[in-house]
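Subject: Structure handover and what was found in it

Dear colleague,

I am passing on the structure we spoke about, with the sequence alongside. Please open it before reading further, as the notes below are meant to be followed with the coordinates on the screen.

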Amino acid sequence: MPGTIEELEESNEVPLPGEDSSVKISPELEQPTKEDLLLAAAYVYDAQYNRNIPFQTSPQAIRFYYLYNHWAMQVAIYFFIFLDLSLALFEEPAVYPLPFLATSLIEILCLCAFFGRLVQYAKVTPRTYFWKDTKNICVMLTILLTFLDLIIYGCLRVFNIHSVRWSRLLRPFFLINFPESRQIRRAFRSIRNTLPEVLYVFLLLMFNVLMFSLMALKLFGDRNLKTVEGSSYFTNLLDIMFDLYVLVTTANSPDVMMPAYNLGWRYSLFFITYIVINTYIFMSVFLAVVYNNYRKHLKNEIRKLAYMKRHKMINAFNILKAKEGTEFVVKEAHWKQLVKILAPNISNSHRELLLRISDEKQKGYVDKKCFLRLADLLNIKVITLKLKRHPLEIWMPHIYKSSGSLFIQKVVQHRVFVWIYDVIIIINAVFIALDEKHPLISYAEWVFLSLYIIEIVLKLYTYEPRIFFARNRFWNWFDTLIIIAALMATIVNAAIKSATEYNSQQILDIVFILRLLRLIRIVDSIQRFRIIMTTLINIFPTMLTFGGLVLVVYYIFAIIGMELFQNKIQFFPESSTDPHALDCGNTALKDSAFARSNYCKNNFNDLASSFIILVELTVVNQWHVFADGFALVTHQATKLFFIAFHIVVVILIVNIFVAFILEAFFVEYSLEKSEIETTIEKKIQELGVGIQEEHVSDAQFIDNIETSENDLNGEETKKQSSKGLFFRIASKRYRTVDALLQRMFESEISPEDEGPPLDEILNLSPSDMYPKNPTFENSA
């Protein structure tokens, strides 16, 4: 087994409390207590949300565990984490300077919050687990070191002695090491697991760069060639290695080749050969290695998630099980009590629907096989639908049901109506691109606004207003708000123009932006666009994980950059009379490519500027100019800072992000409905309370109707249908990539398979999934 609790928990390898004989199992005829239900619900919660926090099973600890996982607690800890990170905006060098006393008091408040959260975690988990968990030790050490740094820095400041706030580098550790950030830790594990394989490729790349650098030194070193800046060309081995490393990123192509190319066209073959080998072959190998290892380790983690989830569900079943004949089951009443704890906000009809799926033959109990699916059932969004009558149909039924009115409704509901307005949007886009000073173009905008308002009025006339503006009708809200805002801005601008003969540029900008935003609606009208947008929506939550990863790396490099380069480069506005304005405030940059490119604002003088320049370095283009500029004002060794950033961010993190995007798209396009989703849909149709999403327009429904009169039994079901109550599965856009990946692996596990013993799960490795001596057959 792994040696630390961090490795166990973060690889979903934490031994679950309740796996041994200490778990409280209700006797055959004994009713489960409230504490039993809370404990079982805790296991199902953890299975539902893939949590792997080891917790104590005493009644008091269980209640405290619910408090620990409350959303308010999680929001609070994230608030203090980002408050702590944002202090760099107000500390020297600051974007908005604050006194040291103010920032230090805020940091102490954040540290107290972190310590309080750590105490909460200690009360939840068994003591032996807590002190073996390296994350907890890391958080405690970071708190102590930060306090120590604050005291030292404050004392030195009293005596006007300059020192470095080195503990600011440790602030991202809080974001990484609290249990809530398991997704970010998983991304860091992907980097850690990929490093050994990437290291060999990188060493081979550097060896190749060295070999070509030596050849370049011998070929061009004695020819007295000069660069554009007038410096010697390829006479220093370290400078040659840096230039050729930059050439791998194509940032200095073809500038680095031109002196040799001007000497003779044959020398271009040297650089072409170098680019083909290193830029196209080695960079592709980097991506292949990262993608292969990322996918391998990801699948291993998902496999552990699937098996650990099944073990948690078995623990919950063992707590509530009772003997029924020759098998153990969960009684219907106990199952209902458990679901009320797990999902208190779902309607009675929804709960009865889930029971009908779990107890299909209505035996009065749920067997083990069906109980193990409960976490998946709760994860699938089932929308309760209820047909609503239009208010005009109630107030004036004769007019609303007249032949003319029905014709209008039929036209609005027809697909051609949507196509017509798509064409109108495209024509509007053409007019936006034309010269707005022309009177006809100006009047055309009022025509388009009128057409859009007519569209909304017709839709509100056809569809029930509460349904049209339901909370999940994003495009209806979007269209209406954009059109109303554009109408108001256009009216205000026209009024100002007529009254003062002056156009407000800010209002004109708002009007122009609002017009352009209307064009976004066409994305949802084209199926191919909609598929891509749906996939992006699905992967967006996990993209935020990589956003957290990039934030951590950027923050560390920004703090280091500010300590190395602050105030070395200054930005002066065009009106400045400073004699060194063109040299970015530093004579070392005189006539340099950095100063000539007017890059003075790209500096490390505060956190915001540091993040902007790091984004520019991530884009790669011109990054060597930044490196040369900062090397001129400090030392040539500082180029290692920029090389290190390129290796960590561009080679590792960006490639892992690309690997994730590829995997997400493959999964999104390959997976269809799960077996459980299919089961729910079949049961909905069997009960006569189902409706296909594609058969009826979404605007005819209102979702999440809570009702207590819906028992899915016999005649009562027909009564519901007559009242217009239906169910349907939510669209695929509600799925997350993690859920899709987990379902992809769970589909390989039979329902009867309880998984290997816990010790074997904890020791699963990626190599177990693949044969050590693969053949063509078993590889396929």
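What follows goes through the sheet, a pair of helices, the cavities and a few backbone details. Please bear in mind throughout that this is a predicted model.

The sheet

The sheet is an open one of three strands, in the order β1-β2-β3, and its pairing is antiparallel. Since β1 and β3 stand at the edges with a single partner strand each, one side of each is left without a neighbour in the sheet. On average, and with direction ignored, neighbouring strands here are turned by 55° against each other.

Taking the pairs in turn, strand β1 (residues 322-324) and strand β2 (residues 327-331) run antiparallel and are joined by three bridges. Within this pair, Ala322 stands opposite Val329 in β2, while Lys323 has Phe328, also in β2, as its bridge partner. The hairpin that β1 and β2 form has two residues between the strands, and in this hairpin Gly325 takes a positive phi near 70°. On the other flank, β2 pairs with strand β3 (residues 365-367), again in the antiparallel sense and over three bridges, and there Val330 has Val366 in β3 as its bridge partner.

Helices α3 and α5

Two packed helices are described by the angle between their axes and the distance between the axes. For helix α3 (residues 59-68) and helix α5 (residues 100-124), the packing angle is about 145° and the axes are 9 Å apart. The crossing in which α3 passes α5 is left-handed. On the α3 side the contact is made by Phe64, Tyr65 and Tyr68, which meet Arg117, Gln120, Tyr121, Lys123 and Val124 in α5. Sorted by class, this contact of α3 with α5 holds five nonpolar residues, one polar residue and two charged ones.

The cavities

Rolling a probe the size of a water molecule over the atoms shows where empty space is left. In this structure there are four cavities of 30 Å³ or more, and I describe two of them here.

The largest cavity contains about 120 Å³ of space. It is lined by 13 residues, of which Arg186, Ala187, Ser190, Tyr294 and Leu298 are the closest to its centre. At least two lining residues come from each of α9 (182-220), α12 (268-320) and α26 (527-565), and it is α9 that provides the largest share, with five residues. The lining of the largest cavity divides into five nonpolar, six polar and two charged residues.

By class, the lining of the second largest cavity has four nonpolar residues, no polar residues and four charged residues.

Backbone details

Where are the cis peptide bonds described here? One joins Glu92 and Pro93, with omega at about -10°, and Pro93 lies in the loop between α4 (71-86) and α5. Another runs from Ser253 to Pro254, with omega near 5°, and the place of Pro254 is in the loop between α10 (237-248) and α11 (258-263).

A further residue to check is Asn50, which has a positive phi of about 55° although it is not a glycine. Asn50 is found in the loop between α2 (34-49) and α3.

With kind regards

How values were computed. Residues are numbered from 1 along each chain as its sequence is written. This is a predicted model: local features need pLDDT of at least 70, side-chain atom pairs count only at pLDDT 80 or more; totals for chains, interfaces and linings use all residues. Side-chain values use heavy atoms; hydrogens and water are left out. Axes are lines fitted to C-alpha atoms, for helices over the stretch in contact, and angles run from 0 to 180 degrees between N-to-C directions. Helices (H or I, at least four residues) and strands (E, at least two) are DSSP runs, numbered from the N terminus. A crossing is left-handed if the near helix is turned anticlockwise from the far one by less than a right angle, and right-handed if clockwise. Contact means heavy atoms within 4.5 Å. Ala, Val, Leu, Ile, Met, Phe, Trp, Tyr, Cys and Pro count as nonpolar, Asp, Glu, Lys and Arg as charged, and the others, Gly among them, as polar. On a 1 Å grid over the protein atoms alone, a cavity is a set of points where a 1.4 Å probe fits but cannot get out, and a pocket is an open set with protein on both sides within 12 Å along at least five of seven lines; lining residues have an atom within 4 Å of a point. Grid points are joined across faces, edges and corners, and a volume is the space filled by probe spheres set on the points. Two strands pair if DSSP finds at least two bridges between them.
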